[in-house]
Amino acid sequence: MAYIEIDNLKYRYPKTKKLALDGISIQIEKGSFLGVIGRNGAGKSTLSSAIIGLVPQFYKGAYGGSVIVDGLDASRTPVSELSRKVGLVFQNPFNQLSGAKDTVYDEVCFGMQNFGIPSDEMRRRADAMLEKLGIAQFRDRNPFDLSGGQMQRVAIASILVLQPDVLILDEPTSQLDPAGSEEVFKVVEQLTNDGITVIMIEQKIDKIAKYSDKILLLDDGKMVTYGTPSEVFAESEAHGVIPPAPLRLSRALNIADENNSYPATEEAAVRIMNGKVSFKDVREKERTTSSEEVFRIENLSFHYTEGINVLHSVSLSFDKRPTAIIGQNGAGKTTLAKLMKGLLKPSEGSIFFKGEDTKAKTAAALSSSIGYVFQNPDDQIFKPRVLDEVMFGPVNIGMSKEDAERKAIEALGLVHLENAKNRNPYDLDLHERKMVALASVIAMDTDAIILDEPTIAQDDSGKNLIARIIGELAEKGKLVVSILHDMDLVATAFTRVIAMANGSVIDDGKPEDVFRDESTLMKAGLELPHVASLGRKLGSESVLLTDKDFLESAFIRE
Amino acid sequence: MKSISLYKDNGTWLCRVHPFTKLMYIAAVILIPLFLHTLWAYAVAIALDVAILISGKSLKRARALIIFSFTIIATIFLIKGLFDGDNITPLFSLGSIVFYKEGLLKALRTGCVIINMLLSFSILVLTTKPEDIADEMERHGFSPRLSYVISSVFSIIPQMMGTMDTITDAQRSRGMETEGKLSVRMKAFIPLITPVVTSSLINTRERAIALEVRGFGAKGKRSYLRTWKKHKGDKAITILLIIATFLAFIWKIITWLI
């Protein structure tokens, strides 16, 4: 008998008509690494909640079929009991802290206290786990003071000290920067060697391909495939999951391995493709240029606390090219964006918007010309109807009600939510609420739009939609500036990239030029886009940003 | 992180006194003068509070609390001294304004009650970690949920204040003025408060799940990372305080009967 047996599981959330899970049957062996993929709303998180019993015990709703974990019925065994066997780590690191403990060490011990583990044993486990996850130096720090990546490792440690047989990771890195994600994935990699059963839900498909023994592809609550990465990715595209770059490119070039399947990881692709592919020089990409200056930033410095500068004498000029700002958490990206929007005032230096110094203007006064979309949509949504929420900004800046409504409907069309205009925003999923927040700023029809991490919580189709929106806004002559951690989107949707580290601009130019410079990537703690990375490993001199670039440049050696 | 807890471990003996001993002290030092009903009892209580705070090197930090209360006490003196119903004997006058003895005495008593309460509470608050109070309560049979609420409030409230700042920024970005006339601020209330409430509801729900998967609701005996070793003095002082309070109570009954 397998460790986890799921048989014909069906589930519907309360007050909904659609099945969130519809006839799932799988068996998960002890010690295996299972990846779960699928588009937003496919049922991934619901499935993980069912394995730990939160569905149906916490969420209620209609439940059919069975989930048996090591002989226990997950629908009836209390979650607090089942959590001795199954651990769950989810997206938001902040909400996983108990909030009752003021040091990392005490936080990690919180669960063990609940289970009555003797204090000597508690200390032994906590010491070992902090060491293992590389967070021992934070043991006496307040967990709320840590960065997202560090906090998420504390969350993982807090679960692992309970020594569960199964660890479920529900998009554990979706809210982290590349360096923070890497910290978490390093921990995950260790776990794969420890014999613990890992179930990981991820949108970062290359990571899933790298670690998983088996992958479960869900769509619309149903199981599409359950098999090896190569098997699953062969048909994932039709279900909203774009296969990893190595598989897409090797398939396009028709280079398969001895079993006639295409490699899903970069490592495997390099092994198979090396020596078979060469690259010709690609001609310089033609890019739209722009000479009209929108923002001019002169010697801008900023500090929150006297004496500790977050930005050091930054000078930049923005024209109308879509511009991505990249760099690690704490590099000063959000501070720069907030200064541009007038939410913060420069400590030194000046910011000019269309030639006018913004110092004397409030953020509200600037809002008719500069839009800003915040990371978390729940920090702004307050109207009970989507359309009213989107009209709030336009009306504030003095548009007539008719104009505001027209602009709002137009913006909702752009984010593909025109059919949701009469719904309550809180009935929408997080990725849709993010789109509502985006539309509510687009509807204000500003000359410049600043986006802070627009891709968080979006699946592949959401990311593609955002790329399209950026293109359309640029075509309308608007400046789009976006803070981004998703290098693949940077490579495909932006014509200018500004890399920041420690409060300074360390590189600024076309994406291919910024990504060419390895020292920039190192300093900014960034990874190459996946296509470019494979290209470089296979010997391409040029930086190949997109599939199209790659396939135009690559040719099969005779 | 900004913490709203006023606790600071300054290494003095006062920080090592058991939270329950401090709680018993507060009860005794408030109840005894109340039973004895004389001003000198308040004077002794306040002197004791101050002596303890000085010895625990915490008087300086208690000062802010006391200064804050002075405005209230001054108001009480003014109102009682001038307008109290029992006022008969004029004590002194400032120009045409006459202060009366009866009212001022009442105000003095109320002022002493307030200062005594503030000082004795500050002995607890300034030298005890909220988490320790919560842990000890839980260990002595109070519900773990109650102890969770006590210790989490101190970290959740500063977090909510942080969220409030972000929300203000998000609405200002959409052209809503948040500063200026009262009418502008009134208009800004709903757009600011709604996201605070909804996002804390969402956070609470997630946190409830996070607690549950870490066995918060698990049945069976809990264990503790640290055990607070009660000092011999803790027990002795607690017994003394109970006896003193009891005696004062008896005194109260006797004087009432006679």
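# Exercises on a predicted two-chain model

Leaving aside neighbours within four places in sequence, V232(A) is in contact with I215(A), L217(A), T225(A) and G227(A). The exercises below concern a predicted model.

## Exercise 1. The setting of V232(A)

Determine in which element V232(A) is found, and whether V232(A) is buried or exposed.

Solution. 
- Step 1. Helix α9 of chain A, residues 229-236, holds V232(A).
- Step 2. Within 10 Å of V232(A) there are 25 other C-beta atoms. A residue counts as buried at 20 or more, so V232(A) is buried.

## Exercise 2. The setting of D429(A)

State where D429(A) is placed, which residues D429(A) is in contact with beyond four places in sequence, and whether D429(A) counts as buried or exposed.

Solution. 
- Step 1. D429(A) is placed in the loop between α15 (401-414) and α16 (430-442) of chain A.
- Step 2. Once neighbours within four places in sequence are left aside, the contacts of D429(A) are N40(A) and G41(A).
- Step 3. The count of C-beta neighbours inside 10 Å is 11 for D429(A). The limit for an exposed residue is 12 or fewer; D429(A) therefore counts as exposed.

## Exercise 3. Two helix pairs

Describe how α10(A) packs with α21(A), and how α3(B) packs with α5(B).

Solution. 
- Step 1. Two packed helices are described by the angle between their axes and the distance between the axes.
- Step 2. In chain A, helix α10 (residues 245-252) and helix α21 (residues 530-537) have axes 9 Å apart, at an angle of about 60°. These two helices, α10(A) and α21(A), are therefore oblique to each other.
- Step 3. The crossing in which α10(A) passes α21(A) is right-handed. On α10(A) the contact is made by A245(A), P246(A) and L249(A), and on α21(A) by H530(A), V531(A) and L534(A). Sorted by class, this contact of α10(A) with α21(A) has five nonpolar residues, one polar residue and no charged residues.
- Step 4. In chain B, the axes of helix α3 (residues 39-55) and helix α5 (residues 101-127) come within 9 Å and cross at roughly 25°. Angles under 35 degrees count as roughly parallel, so α3(B) and α5(B) are roughly parallel to each other.
- Step 5. The crossing of α3(B) and α5(B) is left-handed. Residues of α3(B) in the contact include L39(B), Y42(B) and D49(B), and those of α5(B) include L108(B), R109(B) and N116(B). By class, the contact of α3(B) with α5(B) has 12 nonpolar, two polar and two charged residues.

## Exercise 4. The contact between the chains

Find how many residues each chain gives to the contact, and which element supplies the largest share of the side of chain A that touches chain B.

Solution. 
- Step 1. Chain A gives 53 residues to the contact and chain B gives 46 residues.
- Step 2. Elements of chain A that each supply at least two residues of the side touching chain B include α3 (79-82), β6 (86-89), α5 (119-132) and α14 (386-396).
- Step 3. The largest share of that side of chain A, six residues, comes from α4(A).
- Step 4. By class, the side of chain A that touches chain B has 24 nonpolar, 21 polar and eight charged residues.

## Exercise 5. The nonpolar cores

Identify which residues of the largest nonpolar core touch the most other members.

Solution. 
- Step 1. The largest nonpolar core has 185 residues, of which I51(A), I52(A), V108(A), A157(A), V390(A) and A439(A) touch the most other members.
- Step 2. Not counting residues up to four places away in sequence, I51(A) touches I4(A), V67(A), V69(A), A74(A), V86(A) and I168(A).
- Step 3. Another core, of 13 residues, lies apart from the largest one; among its residues are A28(B), V29(B), A62(B) and L119(B).

## Exercise 6. Backbone exceptions

Locate the cis peptide bond that involves P56(A), and state where Q163(A) and K354(A) are found.

Solution. 
- Step 1. Most residues other than glycine have a negative phi, and most peptide bonds are trans.
- Step 2. The cis peptide bond joins V55(A) and P56(A), with omega about 5°; P56(A) is found in helix α2 (residues 54-57) of chain A.
- Step 3. Q163(A), not a glycine, has a positive phi near 50°, and is placed in the loop between α6 (148-160) and β7 (166-170) of chain A.
- Step 4. K354(A), likewise not a glycine, has a positive phi of about 50°, and is found in the loop between β15 (348-353) and β16 (356-357) of chain A.

Definitions and conventions. Residues are numbered from 1 along each chain as its sequence is written. Chains are lettered from A and ligands numbered from 1 in the order in which they are written. This is a predicted model: local features need pLDDT of at least 70, side-chain atom pairs count only at pLDDT 80 or more; totals for chains, interfaces and linings use all residues. Axes are lines fitted to C-alpha atoms, for helices over the stretch in contact, and angles run from 0 to 180 degrees between N-to-C directions. Helices (H or I, at least four residues) and strands (E, at least two) are DSSP runs, numbered from the N terminus. Angles under 35 degrees count as roughly parallel, over 145 as roughly antiparallel, 65 to 115 as roughly perpendicular and the rest as oblique. A crossing is left-handed if the near helix is turned anticlockwise from the far one by less than a right angle, and right-handed if clockwise. Two residues are in contact if their C-beta atoms, placed from the backbone, lie within 7 Å. Ala, Val, Leu, Ile, Met, Phe, Trp, Tyr, Cys and Pro count as nonpolar, Asp, Glu, Lys and Arg as charged, and the others, Gly among them, as polar. A nonpolar core is a set of buried Ala, Val, Leu, Ile, Met, Phe, Trp, Tyr and Cys residues joined through C-beta atoms within 7 Å.
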